[in-house]
Amino acid sequence: MSELETFREEVRTWLDENCPPNMRTPKDGSARLPSKPEEVSAWCRTLADRGFTVPTWPKAYSGGDYSKEQAAVIQEEMTRIGTMNPAVSFGTMMLGPVLLEFASHEQKLEHLVPIARGEIRWCQGYSEPGSGSDLASLQTRAVRDGDHFIINGQKIWTTMAHLSDWMFCLVRTDPDAAKHHGISFILFDLKSDGVTVKPIKLISGQSQFCEVFFEDVRALAKNLVGKQNDGWTIAKRLLQYERNMLSGLGGGGRRRGGRRRGQSEGRQRGNSGPSMTAESARRYLGTVDGKLGDLTLRDEIVQADLDQLGFQLTMKRSNEEAKTSGPSAASSMFKLYMSEMGKRRSELMMKVMGYQSLGWEGPGFSQEETGTTRGWLRGKGSSIEGGTSEIQKNVIAKRVLGLPSGD
Amino acid sequence: MALTLNAEQQMLKDNAKEFVRSNAPVSHMRKLRDTKDATGFSSDIYGQMAELGWAGIVIPEEYGGLGLGYLELGLVLEECGRNLVPQPLVSTVLLGAGCLLEGGSDAQKKDILPSVAEGEAVLALAFEESRRFSPYNVKTTADNSGSAYKLNGQKTFVLDGHVAGKLIVSARTSGEERDRDGITLFLVDPKAGGVKIERSTMVDSRNAANITLEGVEVAAGDILGEVGKGADVLDPVLDRATICLTAEMLGLCSQAYDTTVEYLKTRVQFDVLIGTFQALQHRAVDMFCQLELSKSVVLDALSSIDDDREDVAIMASAAKARLTDAARLVTREAIQMHGGIGMTDEHDIGLYMKRSAACELTFGDASYHRDRFATLKGF
């Protein structure tokens, strides 16, 4: 047995002995029971004690010092029994990696441990009303005052700020420098005096985003990460992690798959599984001689399926190629392609559903139908947040294709 | 199988790239075209390719081949595609030898396959009769008269049909015009009485022929596979040929893309490099994304053959639909982005679009394969 397979056996045994029944698919295959928040927290602590919430981080910061391959095994084994990693968050996927790279030892001890243990929820203070795609033009000011910085200004589109404890925030510390050179990266508690959080209602009716206002907020100077006025380097690095997270490459708790069992015998099936979109379309459009009733939509469904297939194979190929560490510039394509592809698929589902796609709430529409419609609306943001598709294309043109800059 | 190449495969690809670059760059194809070469490809170059083992990559060792995979053959075709090298690998190896491997008797295989692997034989599969890909649409008849058959009909778009030493002809022994059942494959000597072959001059300067069969006598021993079951041979052979053709298409549109991006980095207008214009940058990125998806799909489709997966037919249609659209996008954008120079015969970029146009239609275009994909998936 290879070392990795021995490790797999250890992980499997440990999970079997330690994962509470409410946090996994029951062994008899029945439906999973609902879990209470305190059970989720307890499971998170148990995983963290073993270094399993952030397996590749150093033990000194509540990680497990595991290799990428071992981390993948842990993830696969957790997926296999249907349990989750409750620590997965902006903290583990975005802030943690940049702290590991740029923060001092004291800062790491103070902030990484609660992230690993799922105790502090973080939000990202980046966009401002006048600084969306042109993020580096941000205006929120931070002025040094003894052991503190005093912060004034406003952030917008701050995801889940109303449910978060702390913010990692880009602030302008030198208003006279060129725009990329006067920015710093600072951390502070959202319970500080002078912080106001207002959720924003979206076209989908949901509110995952907030406006956050700062009025003479005092943030401890020791929580400034990296050098003062050198925050743009950290900001960009974090954006790479964000793109990876948005395109599902982060290897977090929501990763699909694990290995399928019982398929090693006989011919491999490859990509011969059914088309999920076609299955729904069959209900709405009916069939004529076995073909979907609307041949134009049938062709659009095939195009959507082919895009999905090509994209999945490209992610797989890229993962195999990227045995070297760190996110690559090419990962930029995934965010661009995935958001555009997702929008096309939503538009297609709306067409397939016909009048049933127009439901907002109440009787006459199933939960799945209104969910699809809300998802269609929410999905419009996917090519705006985290860098618009147009910005992604600018970045790819310059970094990957090596096309010249206009300025 | 992985979507990355192992060391041997990478070496084969590198060697193919080097061979093609040194021996058959685009100027080679241009010369064949301009001299109206009677064969349409260089027998000398093809002989050298065969010496490198390329003609025998997928032919088992017992018939004189290397017994390697379709992935390896695809890598060679990709490099040929990058330089538009005319060669009879599709007609001879994928279609001709493909039919023999799938349905031929041991005697037929022993008779023909070794000379294919050595690069001596050129084969052609005469299966098309209409204006677009339609392998079951067979009107050519084969009437059984005692121990022999008499073939009558017309075949079109027969790749390398004008120089093939042996033809494989599909003809109807039973059933109606578009039935899948009732098609039989025959090995036909192109010099036999009643065979008339007329070469077509095509936009990509490659070879195809129209073939007329008038009372051509074929012995029962020259039936390939079972009587009436020709489609059982044709289907998997055409799937493999389609997948390998997409590898050639990947090569040709990768090169057209590289050439175009390079042009954007060197051409100056309004005192700036045109590659600084956002309108062109974004379209170049669209091409980049399509090529990235294309690479993955072609590799997986090639692997599906070698791994004997259930989804070879699905992957053939997925790959042909994608590569048809991708090659069309890239080669058309390439012309537009090159501007006036792209319209000249002197510049190579137009040759890429012409070859793409032929590949797009060969073995079915994108709408044909999207329809087939849906049918195979049961909707």
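**Cysteines**

I started with B:Cys253: its sulfur lies 9.6 Å from the closest cysteine sulfur, in B:Cys359, and that is too far for a bond. This is a predicted model, so I kept to its limits: local features need pLDDT of at least 70, side-chain atom pairs count only at pLDDT 80 or more, and totals for chains, interfaces and linings use all residues. Residues are numbered from 1 along each chain as its sequence is written, chains are lettered from A and ligands numbered from 1 in the order in which they are written, and side-chain values use heavy atoms, with hydrogens and water left out.

B:Cys253 is buried, at a relative accessible area of 0% (buried means under 20%, exposed over 50%, partly exposed in between, with a 1.4 Å probe and protein chains only). I then looked up A:Cys123, where the closest cysteine sulfur, in A:Cys210, is 7.9 Å away, also too far for a bond. A:Cys123 is buried too, with 0% relative accessibility.

**A:Ser137**

I found A:Ser137 in the loop between β1 (122-125) and β2 (141-145) of chain A. Strands here are DSSP runs of E, at least two residues, and helices are runs of H or I, at least four, numbered from the N terminus. Is A:Ser137 buried or exposed? A:Ser137 counts as buried because its relative accessibility is 16%. Setting aside neighbours within four places in sequence, I see A:Ser137 in contact (heavy atoms within 4.5 Å) with A:Gly130, A:Ser131, A:Arg172 and A:Lys179.

**Helix α2 of chain B**

After α2(B) comes B:Lys36, with a positive phi near 45 degrees.

**Chain A against chain B**

I have 46 residues of chain A in contact with 45 residues of chain B. The buried area between the two chains is about 4,000 Å², with 60% from carbon and sulfur atoms; this is the accessible area (1.4 Å probe) that two parts lose on being put together, summed over both. A:Arg267, A:Arg317 and A:Leu401 supply 16% of what chain A buries against chain B, more than any other three residues.

How many salt bridges are there between chain A and chain B? I get eight, each a side-chain nitrogen of Lys or Arg within 4 Å of a carboxyl oxygen of Asp or Glu. One salt bridge joins B:Asp371 to A:Arg298, with the closest N and O atoms 2.6 Å apart. On the side of chain A that touches chain B, α8(A) gives the largest share, 17 residues.

Methods. A disulfide is a pair of cysteine sulfur atoms within 2.5 Å.
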